[in-house]
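Please keep the sequence and the coordinates in view throughout.

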Amino acid sequence: MKTKIAELRKKHKLSQEELAAAVGVTRQTITSIEVEKYTASLVLAYKISKYFGKTIEEIFDFSDVEVL
Amino acid sequence: MEIFKQKLRNRLIFAGIYCAIILILIFVAGYIGLNDSATSFALGFGVGIEAVMIFFIVKCIIALKSEDKLKKLYIEEHDERQKHLNAMVGGAGINISILFLALAMLISNYFNQTVFLTLLAVIMFVILLKLTLKIYYNKKV
């Protein structure tokens, strides 16, 4: 899933390590989300969105998600 | 974080008890002169696990002494991607084990009936365990 996490991190001058510590995950998790290897859970998506003061939809791109 | 600290303390107690039991067993085995290969292997196996336990004991003690290290360990243990990986590895690991055990069982049938039956029992047990866990987690989650 595409996200704007890397973009927002750069804007806020945050390292992956700092963001990871702030939302309670490892740096590897943030890396995996940024390179679209791992999809964050709803709780983590909420924490990341709240951290940047945005809504989940503003950060996570759901356009590829199929609704059956 | 207090709950996690208590969890670490409990782990320390458990690891300490385990280490003490292994040391007592080594002492008793030496005292009564048990030197056969089965006892030596069992004790060696126990000592191997003890070495791993000591590693975890040190890790827990370090984490309990520093708030930063405690938070780092907490994140390591509660990281959602890590949990996801563990679930994937566990699931795939059991399936691959069953596959290789089945292969070994089929080959062993040509050479040794006891080994064949042992492997068959192990496979049945692993499959039964997997099914039981599946039913349990299906109801729990």
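**From a buried arginine to the interface**

Arg9(A) has a relative accessible area of 10% and is therefore buried; here buried means under 20% relative accessible area, exposed over 50%, and partly exposed in between, with a 1.4 Å probe and protein chains only. This is a predicted model, in which local features need pLDDT of at least 70 and side-chain atom pairs count only at pLDDT 80 or more, while totals for chains, interfaces and linings use all residues. Residues are numbered from 1 along each chain as its sequence is written, chains are lettered from A and ligands numbered from 1 in the order in which they are written, and side-chain values use heavy atoms, with hydrogens and water left out.

The side chain of Arg9(A) meets that of Glu34(A) in a salt bridge, at 2.6 Å from N to O. A salt bridge is a side-chain nitrogen of Lys or Arg within 4 Å of a carboxyl oxygen of Asp or Glu. Because Arg9(A) lies in helix H1 of chain A and Glu34(A) in helix H3 of chain A, the pair ties together parts that are 25 residues apart in sequence. Helices are DSSP runs (H or I, at least four residues), numbered from the N terminus. Glu34(A) also counts as buried, at 18% relative accessibility.

Glu34(A) is one of the buried residues of H3(A), together with Thr29(A), Ile30(A), Ser32(A) and Ile33(A). What covers these buried residues? The cover includes H1, H2 and H4 of chain A, and also helix H4 (80–108) of chain B. Contact, throughout, means heavy atoms within 4.5 Å.

After H3(A) comes Glu36(A), whose phi is positive, near 60°. Glu36(A) is found in the loop between H3 and helix H4 (42–52) of chain A, and at 42% relative accessibility Glu36(A) counts as partly exposed. A positive phi in a residue other than glycine is found also at Lys13(A), where the value is near 50°. Lys13(A) has its place in the loop between helix H1 (5–11) and helix H2 (16–23) of chain A. With 74% relative accessibility, Lys13(A) counts as exposed.

The interface between the chains comes next. In chain A, 12 residues are in contact with 7 residues of chain B. The two chains bury about 750 Å² between them, 53% of it on carbon and sulfur atoms; buried area is the accessible area (1.4 Å probe) that two parts lose on being put together, summed over both. On the side of chain A, Ala21(A), Thr26(A) and Tyr38(A) lose the most area to chain B, together 49% of what that side buries. Helix H3 (residues 27–34) of chain A gives the most to this side, with 3 residues. By type, the side of chain A that touches chain B divides into 5 nonpolar residues, 7 polar and no charged, where Ala, Val, Leu, Ile, Met, Phe, Trp, Tyr, Cys and Pro count as nonpolar, Asp, Glu, Lys and Arg as charged, and the others, Gly among them, as polar.

Within chain B, Lys5(B) takes part in a salt bridge with Glu2(B), at 3.7 Å from N to O. Lys5(B) and Glu2(B) both lie in helix H1 (residues 2–31) of chain B, 3 residues apart, about one turn of the helix. Lys5(B) counts as buried at 15% relative accessibility, while Glu2(B), at 52%, counts as exposed. The side chain of Lys5(B) also meets that of Glu67(B) in a salt bridge, at 3.1 Å from N to O. This pair links distant parts of the chain, with Lys5(B) in helix H1 and Glu67(B) in helix H3 (residues 67–78) of chain B, 62 residues apart. Shared partners join Glu2(B), Lys5(B) and Glu67(B) into one network of salt bridges.

Finally, the model scores ipTM 0.87 and pTM 0.78. The mean pLDDT of chain B is 92, and 100% of its residues reach 70 or more; pLDDT is the predictor's confidence in each residue, from 0 to 100.

Methods:
Helix = DSSP H or I, 4+ residues; strand = E, 2+ residues; numbered from the N terminus.
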